[in-house]
Amino acid sequence: MPGFDRDETRRIARLARLDLDDAEVEALARDLDAITRAFSDLADFAAALPPPAPPAATTPRDDVAAPAPERVVEAIHAAFPRRDAATGAVRAPKGAP
Amino acid sequence: MSAGPVANVERALSRLGDDPFNAFTHVAREAAFERARRLEAEGPQDRPLWGRVVSVKDNIAARGMPMTCGSRHLAEYVAPYDATVVARLLDAGAIVIGKTNMDEFAAGSSGENSAFGPTLNPRDPTRVAGGSSSGAGASVASGVVELALGSDTGGSVRAPASFCGVAAFRPSHGRVPRHGLADLAMSLESPAPIARTVRDLAVLLDATAGADPRDPRTAGAPRPRFAETLAKPLEGLRIGVPSALFEGVAPDVRGPVERALAKLEAAGARATPVDLPGLAHALSAYYVLNYAEFASAMQRLDGIRYGRPGPVDVPYEASAAASRASFGPEVKRRILLGTFVTSREERGRWYDSAVAARGVIAEAFARALADVDVLVGPTMPVRAFRVGERVTDPREMYAADALTVSANLADVPAGSVPVEADGLPVGLQVIGRRGEDERALAAMAFAERHAGARA
């Protein structure tokens, strides 16, 4: 694995929107190099795991507008018990400020 | 603290004095007295926390109080609303005495990374209090309060509890609402209580847990029954003892924990060894995920949405970078590493590997807990270390979290209770099944009763 040098630290700092002075770059490059080396066995461990099961094959439905399945409508109504009497629309709770 | 609200506040402030352990970032003296007088006039009205004094970690919103997250970047920020957990504490009759010190943006394990100076351990002020909820732990251990609200991302209440000799509990995700907790690593963190006794943890959890429409993770959360569960006898407790939780543990921690286990067996618990495969990779998986989520969450601290404003006459990128210059070294380190591990070139090697490892660890916990009620081991691998001893090498600091982070990865409830030990405190960690938080806390009460440290 290539080391984490000062140029790489500066490049990542630009991506992360961090202004670092030369002393910080020096110290952080050393830390980041040591940390990534210490954690470098993680990828080998993950690579040795059995591959995840592929997602089940699905057949997309036709691209036409259709009413939501009844079970979805029921689930939404159950989650939002307050309804507008005139229109049947659900009332969502007030969000955080 | 049962003399009445005003007397409780007087006692708390008297014990706080000039805050010799640097446990608080803000003390709400006048507001606390004003609330205490109002509560006294109203009477208890069946409120379970009537007149009890609580401290709140400074990454949890309490309306009208500063919320610095331990950072100079937010030194001027005042919370405009109450976090759900704070609102519930107030509904239960509690008095918030102030905000507690913490590692900057919860990035730390010792309480030394706060922009407002390190929190000192009330049991030995030359040593760290443990972090990141350092002030919460110190505020309880020093007797200023009996109840504290902290948060736990990878051991942030269990570490201070272990180092300071108090009790703490990290609930399963979705049991205690996160609304109003500063989001810093959202898949890992939760509000979490610290108290002198397990019974007081139950009182805090009963007051704060339960569904909240502002936190979708709590949808379907059951009504909390912590105190009710503690009141029932716990018989036939089955304890799993993972050898992996004892690896690298200092002898002066291992000894008291093994003696505590023997006492639990003598009291009727059945202990059996269990395996936790993959645990050797928990620390690296945890930190890679923490870096990634932390760097993402910290993007909004750009001086425009939150934080100290940068210059206005330069492009956005330059303004944000100048604004973020006030972050401490550990915060910068985590932002850089989070940006690195999620970059297009590196994501597969680091972030995806950590996600895969997390799955293995969660599965290992589920298997280990299939035939036992709880897992038990040390909370921390060492006793409280000296202030400054580990700050020069982040890897050494991270190593202190080796035994606590796996519970957050697996999202299982976990607590720490102090056990009998000579000298500095030692914590026993009790880990339960996901969602069975009441039973995990009952097992902690069992440990406290039969092997707990006498204050």
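Helix axes are taken here as lines fitted to C-alpha atoms over the stretch in contact, with angles running from 0 to 180 degrees between N-to-C directions, and helices themselves are DSSP runs (H or I, at least four residues) numbered from the N terminus. The model is predicted, so that local features need pLDDT of at least 70 and side-chain atom pairs count only at pLDDT 80 or more, whereas totals for chains, interfaces and linings use all residues. Residues are numbered from 1 along each chain as its sequence is written, and chains are lettered from A and ligands numbered from 1 in the order in which they are written.

In chain B, the axes of helix 9 and helix 11 come within 7 Å and cross at roughly 100 degrees; these two helices of chain B are therefore roughly perpendicular to each other, a term that covers angles of 65 to 115 degrees. Among the residues that meet are B:Val288 and B:Tyr291 of helix 9 and B:Arg334 and B:Ile335 of helix 11, two residues being in contact if their C-beta atoms, placed from the backbone, lie within 7 Å.

Between the chains, 32 residues of chain B are in contact with 23 residues of chain A. Helix 11 of chain B gives the most to the side of chain B that touches chain A, with 7 residues.

B:Ala400 lies in the loop between helix 13 and helix 14 (405-410) of chain B. B:Ala400 is buried, with 23 other C-beta atoms within 10 Å, the cut-off for buried being 20 or more. Leaving aside neighbours within four places in sequence, the contacts of B:Ala400 include B:Ser109, B:Ala159 and B:Met380.

Key
A residue is buried if 20 or more other C-beta atoms lie within 10 Å of its own, exposed if 12 or fewer, and partly exposed in between; C-beta atoms are placed from the backbone. Angles under 35 degrees count as roughly parallel, over 145 as roughly antiparallel, 65 to 115 as roughly perpendicular and the rest as oblique.
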